[in-house]
Amino acid sequence: MFPALATFTVVAPILLITGIVILSIGVLYRIREQILVSVGFLLLGLAFVSAIAALNSTDENLIITYNWKYSIVKQLEIAFLNPFRGPATPGIVQINAWLGAKQYMVLAATLLVLGVTVLSYVGTLMMGASTKIASALAVIVAILGFAGIGLMSKAVNALVYQAPITEFIKYFNQSAGLRAASILLAFIILVAGAGSIYYETKTRAYLLYSVSFLLSAIGWALLMSTAFYRYQILATHELIMENNIATSNAIFLSAAGFIVVGAVGLLIASIIEVISSAAAGLEEVEGLEEIGEEIEEVEGEVEEAETGAETEEEESGEEEGS
């Protein structure tokens, strides 16, 4: 299997499984924040599913339509065919090779923006902000992301209609910058939100939440760094000079690793939170049972005292009668 396609095939189900498990926990225990986090991660997982469809389409076109060798596609796939980047320049890949994947690229970017928008809303609520402030920040994240998607479409048009390469590069970089800002802002808010709850409560689960979100943020930052045109220049230079795109591949695989570890950490944190809540609930029930037993003992003592008093009154009444 091709390396990028294999990587996406691993990342997508991990994000989806994380989202499903957290959703189940959130619904079961009626925790709104976990339900929203699960929705965010489900959208991120679906973004990778769409990226798989885009990459698969491009790989097939290059091999079947343009007779690229399997080994060449395998070598160039990570650096030049990553759907989260957008299209590569015609000097590397034929324009028509990725046109069939355009809708999947746009869908992947859209799902990604929607996912981080939901996550930014949750992170703001975690910091104790009002729903109005949370909604405002989520709107900012969405505006940045969708503006980036719009510029990606302009970059595509510039490429298809053979506009000057400088115009394509301008739109390409602007799109990458806005989409990266959207994603990183959302994860920074999440890290701050989980960190603020840990600072107040010292709950281990929220420390792990904060670390997991931080690792995810690093992963997405690395992945989005590959969306800038300079990344393609770096890969091209390595390919010409060394016939080996080692640096580009390392950045991509590191990004995927951080995203996966962050998702798994989030899943573990959710389980720890549920176990802690269940233990706290059990302690509360046991405490209530102890209080109930104490109340019963006191009531018994009161009843014995009242019975004794009544007996003494009866005995004194009998003595007076005799």
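Which residues of α9 are buried? The close-ups below, drawn from a predicted model, begin with that helix.

Close-up 1. Let's start with the answer: Tyr229, Tyr231, Gln232, Ala235 and Glu238 are the buried residues of α9. The helix covers residues 229–242, 14 residues in total. From its first C-alpha to its last, α9 reaches 20 Å, close to the 20 Å expected at 1.5 Å a residue.

**Close-up 2. The crossing of helices α1 and α3.** Here we look at α1 (residues 3–29) together with α3 (residues 70–80). Their axes come within 7 Å and cross at roughly 55 degrees, which makes α1 oblique to α3. On the α1 side, the contact involves Pro3, Ala4 and Leu5; these meet Lys74, Glu77 and Ile78 in α3. Sorted by class, the contact of α1 with α3 has four nonpolar residues and two charged ones, with no polar residues.

**Close-up 3. Ile133 in helix α6.** Our last stop is Ile133, which has its place in α6, the helix of residues 131–160. Is Ile133 buried, partly exposed or exposed? Ile133 counts as partly exposed because its relative accessibility is 47%, and that class lies between the cut-offs of under 20% for buried and over 50% for exposed.

Key: Residues numbered from 1 in each chain as written. Predicted model: local features only at pLDDT ≥ 70, side-chain atom pairs only at ≥ 80, totals over all residues. Heavy atoms only, no water. Axes fitted to C-alpha atoms, helices over the stretch in contact; angles between N-to-C directions. Helix = DSSP H or I, 4+ residues; strand = E, 2+ residues; numbered from the N terminus. Parallel < 35°, antiparallel > 145°, perpendicular 65-115°, else oblique. Contact = heavy atoms within 4.5 Å. Nonpolar A, V, L, I, M, F, W, Y, C, P; charged D, E, K, R; others polar. Expected span 1.5 Å × (residues − 1). Buried < 20%, exposed > 50% of the residue type's maximum accessible area, 1.4 Å probe, protein only.
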